[in-house]
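Hello,

Here is the structure I said I would pass on. My notes on it follow below.

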Amino acid sequence: MTENSPGPSPSRALTRARSLPAWSLLAAGVLAGGLLGGTYGLVKTPTYTATSYVVAVPTERSDSATALGFAQAYGRVAPQLAVLGDAQVWAGVPVKTLRSSVRTATSPDAPMVAITATSSRPDLAADMANAVSRALTRHANDSQADTHVELRQFARATRPDGPSSASPALTGLVGASAGGLLGGLVLLVRPRRTTGDPARPPSVPGPATAADVHGQL
């Protein structure tokens, strides 16, 4: 019955790691990062983005500066429960989904509000953006007599042709870059052996010579 041979000692493994060429650490980091990033891009559910636009128009008793100010206000009102409560009926999703999936943006130069929705389904992304746009327009025009500003739909959201999330090629490239950076950091902190102090095996005293033996007698 034979005994299993012992594995390599930690010191020997460390010596081998130190002896590896510098480029091997970088190559291993790039390869591992690229594989992980590409795999993540393949298994991650793609997301789709759709955007609708509404514009604030001044009436005869108002001006463009007032319309611009109300457009900024409507952009902050759109994510509120009063608007999303009506939008959920047309979108067919709960308020919680709208709140987490819909974002608004305004411009300091134009009285326009952009309503953007994201979803794993392209048709649902467009439906949610249009539903919030419709609900916001309805709430704004209910107070038109007081604000003297009318909110109109400028452009409806259309079904996106492709996902807005990163492709597997892009996530693989990002992973490879991160892996290469990590490999470079490991290379910088790796212990190095200087040429002026080479590693030497411990010295062993040599056998005594015959002259030394006779001298000690």
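The model is predicted, with local features needing pLDDT of at least 70 and side-chain atom pairs pLDDT 80 or more, while totals for chains, interfaces and linings use all residues. Residues are numbered from 1 along each chain as its sequence is written, and side-chain values use heavy atoms, without hydrogens or water.

Helix α4 covers residues 81–91, and its axis lies 8 Å from that of α6 at an angle of about 135°. Axes are lines fitted to C-alpha atoms over the stretch in contact, and angles run from 0 to 180 degrees between N-to-C directions. Residues of α4, including W90 and D86, meet residues of α6, among them M128 and R134; contact means heavy atoms within 4.5 Å. The contact of α4 with α6 involves twelve nonpolar, one polar and four charged residues (nonpolar: Ala, Val, Leu, Ile, Met, Phe, Trp, Tyr, Cys and Pro; charged: Asp, Glu, Lys and Arg; polar: the others, Gly among them).

S133 also sits in α6, which spans residues 122–142. S133 is buried, at 0% relative accessible area (buried is under 20%, with a 1.4 Å probe and protein chains only). Beyond its neighbours within four places in sequence, S133 touches S52, V54, I115 and Q153.

H148 lies in the loop between α7 (144–147) and β4 (149–155). H148 is not a glycine, yet its phi is positive, about 60°. Most residues other than glycine have a negative phi. H148 is buried, with a relative accessible area of 19%.

Regards

Conventions
Helix = DSSP H or I, 4+ residues; strand = E, 2+ residues; numbered from the N terminus. Buried < 20%, exposed > 50% of the residue type's maximum accessible area, 1.4 Å probe, protein only.
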